[in-house]
Amino acid sequence: MSLAYRLRIIAAVLLWLCGGSLAFAQWAPLATDPKAESRVGWWRQARFGMFIHWGVYSIPGRGEWVQWNEQIPVGEYAKLADQFHAEHFDPNAWAQIAREGGMKYMVLTSRHHDGFALFDDPESKFTAMKSAAHRDLVDEYVKAVRSAGLRVGLYYSPLDWRFPGFFLPGIYRENAEQLRAQYQRQIDELGSRYGKLDVLWFDGGGDEWLGFGGLEWSGSSGWGTRPRGKPYTGAFDWHDAEIVSHFRKLQPDIVINDRTNAPADFRSREGDGALGVFENRYPWELCTTITEGAWGYQPDSKVKSLAQLIELLVGAAGRDGNFLLNVGPRPDGQIDPAQAERIREIGHWLSAHGESVYDTRGGPWLPGRYGVSTHHGGLVYLHLLHAPENSTVLLPGLPVRVKRASVLGGSELRFEDSERELKIEIPAASIEPIDTVIKLELEQPWTPSAPIPVPDSH
């Protein structure tokens, strides 16, 4: 390995460390048990999943935060359950759409922050079993997803807006403990009643949200709002470590995200703008919505373009992350036809380009103006998200020689390869409107973990 190449690697690592440590910090530690790496293996290979936000908030159609945003009283909001018939809920249809979209796993909101559970909890009155639907919707969902050959995921929020103890756990300590008891009871229900689960996606847990920013005494400044991102430090404790540890005993192969205080298997990034930096030191996932609106159902919300969504999908893969794309079904349980059709379009694209996404890792080049790169063994894939200037792609050379270059599924390309530079000529006729995928075959597998920076001019 030459000195120049070593210097490029050192520069990349410094950029990587600085960028990664300053962005997307989460509060949960990462799991370090002996099975942690193997447990998350299938998930990393899958790369692409479907997120589903559905509940009684779908009825008003103003997003999953409608109760909080509009300060709807708990008793009034609870009446929505009497309108929740779920008459066209067909989880087999959901799973079929996910399969047609090339998705490998699904994550359903079993209970969001409003407290309405899509599963049965005998000790709660606010569940799908006690709604107009009179059905355990999680049970039907799990069976359908498993039958379709997809991995089964559930979202769960320990937070519940119906409990004042969440907002002020100090003064309403007894109520906060009731909330914690519900959390433990319902997590046990999910872990023991539905067979094997693959993903548990927490939200609203941990000490970051507890107290909802809250109030705290700051000495000479008096009472003020707790700064955003500062954890709650009062006497109340979620007991996350104990609750999640027990859940892992019930579901030993489960993959869990980082939105509690318990050890996590992967980190979460949320929203298009959180795509962020390259990160291959630990597993992570970008979740975002298929529409320009909320996560829950909104009538006539604009569906993002195919180009936007493909760029997010390959952008995550090229940064070494997963992509979880959310749909918000209608109150009756149907996925909006426009959303379903866009998912099928993604699946059509993946049917031709999937090998450049599934079971790959990000790199060897860092993302740049050219787009992103992924690799698997001796194959490297360039995702050219913008037409190259002068029909030529210039990238820093690899220490491993390139023996063949071609458009994925198409013709071979002329290239010049040296330790200093890789030059690939791309005929105008080969440029695709969204993502031109170039397949490079190397003389030996790419194994270095440090990514290679790309000058802005490339």
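How many cavities of 30 Å³ or more does a search of the whole structure find? The search finds 1. The model is predicted.

**The cavity**

- The largest cavity has a volume of about 50 Å³.
- Its lining is made of 13 residues.
- Nearest the centre of the largest cavity lie Thr291, Ala294, Gly296, Gly328 and Gln339.
- By class, the lining of the largest cavity has 5 nonpolar residues and 8 polar ones.
- Rolling a probe the size of a water molecule over the atoms shows where empty space is left.

**The second largest pocket**

- The second largest pocket has a volume of about 410 Å³.
- There are 21 residues in the lining of the second largest pocket. Closest to the centre of this pocket are Glu37, Val40, Arg44, Pro283 and Arg361.
- Which elements give two or more residues to the lining of the second largest pocket? They are helix H2 (36–39), helix H3 (41–46) and strand E12 (371–376).
- The lining of the second largest pocket splits into 7 nonpolar, 8 polar and 6 charged residues.

**A sheet of three strands**

- An open sheet is formed by 3 strands, in the order E14-E17-E16. The pairing is antiparallel.
- Why is one side of strand E14 and of strand E16 left without a neighbour in the sheet? Strand E14 (392–396) and strand E16 (415–417) stand at the edges, and each has a single partner strand, so one side of each has no neighbour there.
- From one strand to the next, the twist averages 10°.
- E14 pairs with strand E17 (residues 421–425) over 5 bridges, in the antiparallel sense.
- Across this pair, Val393 stands opposite Ile424 in E17.

**Val152**

- Val152 belongs to strand E3 (residues 151–156).
- Is Val152 buried or exposed? Its relative accessibility is 1%. Buried means under 20%, so Val152 counts as buried.
- Which residues is Val152 in contact with, leaving aside its neighbours within four places in sequence? They are Met106, Tyr141, Val142, Val145, Arg146, Leu197, Asp198 and Val199.
- Val152 and Cys287 are 135 residues apart in sequence. In space, Val152 and Cys287 are 16 Å apart, C-alpha to C-alpha.

How values were computed. Residues numbered from 1 in each chain as written. Predicted model: local features only at pLDDT ≥ 70, side-chain atom pairs only at ≥ 80, totals over all residues. Heavy atoms only, no water. 1 Å grid on protein atoms, 1.4 Å probe; cavity = no way out; pocket = protein on both sides within 12 Å on 5 of 7 lines; lining within 4 Å. Points joined across faces, edges and corners; volume = space filled by probe spheres on them. Nonpolar A, V, L, I, M, F, W, Y, C, P; charged D, E, K, R; others polar. Pairing = 2+ DSSP bridges. Helix = DSSP H or I, 4+ residues; strand = E, 2+ residues; numbered from the N terminus. Axes fitted to C-alpha atoms, helices over the stretch in contact; angles between N-to-C directions. Buried < 20%, exposed > 50% of the residue type's maximum accessible area, 1.4 Å probe, protein only. Contact = heavy atoms within 4.5 Å.
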